[in-house]
Protein chains: 2
Amino acid sequence: MVPDPLKAYLQDHRDEHLDKLKELLRFPSIANVPGDANACGPCAEWLVTHLKGLGFDARMAPTDGKPAVLGTLHETPGAPTVLLYGHYDVQPPDPLELWVSDPFEPEVRDEKLYARGASDDKGRIFAQMMAIEAWVRAGGGLPVNLTVLFEGEEEIGSPNLEPFLAAHAADLASNSAIVADSGFFAPGVPSIIYALRGLVYLELTVTGPSSDLHSGSHGGAVANPLNVLARLIAKLHDDQGRVTLDGFYDNVLPLSEAERREWEALGFDEAQYAASLGLSALTGGEAGVDVMERRWARPTLECHGIMGGYTDEGSKTVIPSKATAKLSMRLVAAQEPDRVTESLRAFVAENAPAGVTTEIRVHAGARPVQMDPDAPAMKAGLEAQEEGFGLPARMIRNGASVPIVEVFQRVLGVEPVVLGMGLPDDNTHAPNEKLDLDHLWKGSVVAAALFQRLSGVK
Amino acid sequence: MVPDPLKAYLQDHRDEHLDKLKELLRFPSIANVPGDANACGPCAEWLVTHLKGLGFDARMAPTDGKPAVLGTLHETPGAPTVLLYGHYDVQPPDPLELWVSDPFEPEVRDEKLYARGASDDKGRIFAQMMAIEAWVRAGGGLPVNLTVLFEGEEEIGSPNLEPFLAAHAADLASNSAIVADSGFFAPGVPSIIYALRGLVYLELTVTGPSSDLHSGSHGGAVANPLNVLARLIAKLHDDQGRVTLDGFYDNVLPLSEAERREWEALGFDEAQYAASLGLSALTGGEAGVDVMERRWARPTLECHGIMGGYTDEGSKTVIPSKATAKLSMRLVAAQEPDRVTESLRAFVAENAPAGVTTEIRVHAGARPVQMDPDAPAMKAGLEAQEEGFGLPARMIRNGASVPIVEVFQRVLGVEPVVLGMGLPDDNTHAPNEKLDLDHLWKGSVVAAALFQRLSGVK
């Protein structure tokens, strides 16, 4: 149990912590802006300074992209080492016009903190730092030796993380690890994630005529790259919502009966979920498959945007020279990103009509993850969640991709505890992202409890 | 034949005319910019001033959109009245980065004048004004009574033209009409258009969840509006490139054998056409139908742009709340715009999946046109073209839409001579639009000859 002086410390410093978190949220640290034209560097510097203030040996660690932040506080001889991971980069804020307040000027309304990154992931890493501070200032020091790694490219698929970890493997060696980048299954249901979907993100470009053409003069003669692209995207699913790529489902692990039973206990309410999204029906994914299975244990193929032609106000009768779609596939264990990418290449080569050329540019991806839900660190995570929130915690999957988890497994040989205090309605990746302040306060107690419990996991 | 003093006048005033045309081209008179935030008003004012300088009674005539320009020079008692139509609005210039020189700062390179509108349609209406000036200054006055109408909304489908013509029908009454808004069939082949395709331009919006969603958390559960839209667009064509709308081809008039023979004489070279567009194959439109028939005598359905989701650099894994496609259908006689629009509405209602809503917003359209190629005014047009260019002229169709033509037929009861000196490689509606100066000079002689010949058509 977390000692009372720590709880009192956290209780007494809420105003100060909220002010500090707001400072962190003011950096528009969007990783997908190329070059230095963003706030990733300054945001990383802020974190280094903050960690140093807590007694860490901390520094900015360059990568081939945005810098990471590395810190160590190893002052507990004989205690196990814990690696703590989070990310300080955030999703782009657009569409800006839908935000009630400025995404980079945090505002508290109705006990919720609104800002881009408030939930994903700055709020979560700040809760960890609050817990560290409480142990250092009011608990006589951390019960574990802690190594901190804050990444700056999670929202663009962590393209430089794996080589970074491989190069720093010795520095990052640990007995257990925490990935502070997730959330509750539902309000009132804290949870630990034991499986995540992987991701392949790519751009598919169809090129037709050498310049934009007038659809009156040339329409009917030339293949329109936008129509061709729409046709290719449409053909990637059959009428039952299944992805048509050759061998796409070959390696998908079936869901066990034990998992199905465990999930039933979660009390997922399909109608309530649909209503929360403003939907009358949940018609995505494969027909005849349960919604929870479609979200957690089945792969998908989504279109995220289509460029080309005319998209401003009014009308323009153009046949564009080229059109590009941003597409992604969410993968589940044991699908291989390289294999599905090759299958997509073959599909496009086979299905694109004569008279156009195609190009596929693959962004960073992530392998799917499945971990042992019965491992001691996982149990420690469940217990810490129950202690902090006073609620029973559950082992769950998540449909999103947290590349670090699979890379931790494969490169560092450690299976991390994936947790966080986000809520499903936090609007991560959407306008008006928020963090419930109650979750921030309790999340810091969870973090304090988890350090304590991981001191017994070697 | 055009009197020699007129030819000498046109020859002697080339520098001055080029400077004046450049003035006209500097106005960025883009009709699809709403409100007054464009140069349509100032451009119309410039035309009024120029016409007054030629002796016209001229004025700006308000419409519910951009103003029109109206002018009369009726000083030839007993002569027939001719109505001259052109448009001063231009297509948007984007993508700007592909222009060699500023689209609104005209530049002559290699005896070609580069600017947005140089060919379509400012160059063509200016050639008409050069001919008027020659008759007035060097010919003792025009051989006809001339009414001029320059529109400011042709490039957005002339949404306010029909009520305008109906309201001004008495002022616009004429024995014949000229629509100066077309071009050569090919280099060396001047032509008169006797048939045009119509147009229905619309936006199709698919709305799914009430806000943008994270594709990891929700992908597979909810229908993605972009994927739904792609599927709808794809389904609008079958595997043979035919539009699948119910009854779409019902009213399409078949091509006559006489027309086929006439077209063969044009010597259209399919391979050369494909090469000029940078294409290895002409795979648009209906399989098994000749390319010229597909361009001129068959309807199409094209996508011009898709909005929604994330289209900036990098990756964002968003399922957008809504997605919108700009679509148009080119129609041929005797298809009815309203009927195909209704058919599209029925198609979308039938094919959109549960869990999304759809909306169709129709922009202005145009009916298809078919005129009598043997009418006296048409013959006058052919002869004037031959006189100006010294080349045999042909009766042709065109796949584009010039709404004024059908409206002239229906509202004013006059079938216009549709001609112009554009060339297929003028890049109208595309970057680096140009006008060959040789065509400008000869086009003004054609205009002078046509006024003379129409003085005999009552």
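Let's start with a salt bridge, meaning a side-chain nitrogen of Lys or Arg within 4 Å of a carboxyl oxygen of Asp or Glu: Asp239(A) makes one with Arg231(B), and their closest N and O atoms are 2.9 Å apart. Between chain B and chain A the count is two salt bridges.

Before going on, a word on the source: this is a predicted model, where local features need pLDDT of at least 70 and side-chain atom pairs pLDDT 80 or more, while totals for chains, interfaces and linings use all residues. Residues are numbered from 1 along each chain as its sequence is written, chains are lettered from A and ligands numbered from 1 in the order written, and side-chain values use heavy atoms, leaving out hydrogens and water.

Now the interface as a whole. Taking contact as heavy atoms within 4.5 Å, chain B brings 84 residues and chain A brings 84 residues. The buried area is about 6900 Å², with 49% from carbon and sulfur atoms; that is accessible area (1.4 Å probe) lost when the two parts are put together, summed over both. On the chain B side, Arg231(B), Ser315(B) and Lys316(B) lose the most area to chain A, together 9% of what that side buries.

Next, a sheet in chain B. Strands here are DSSP runs of E, at least two residues, numbered from the N terminus, and two strands pair if DSSP finds at least two bridges between them. Four of them form an open, antiparallel sheet in the order S11-S13-S9-S14. S11 and S14 (357-366) of chain B are at the edges with a single partner strand each, so one side of each has no neighbour in the sheet. Further in, S9 (198-207) and S13 (322-331) of chain B are joined by 10 bridges, and Leu204(B) sits opposite Ala325(B) in S13(B).

Terms used: Helix = DSSP H or I, 4+ residues; strand = E, 2+ residues; numbered from the N terminus.
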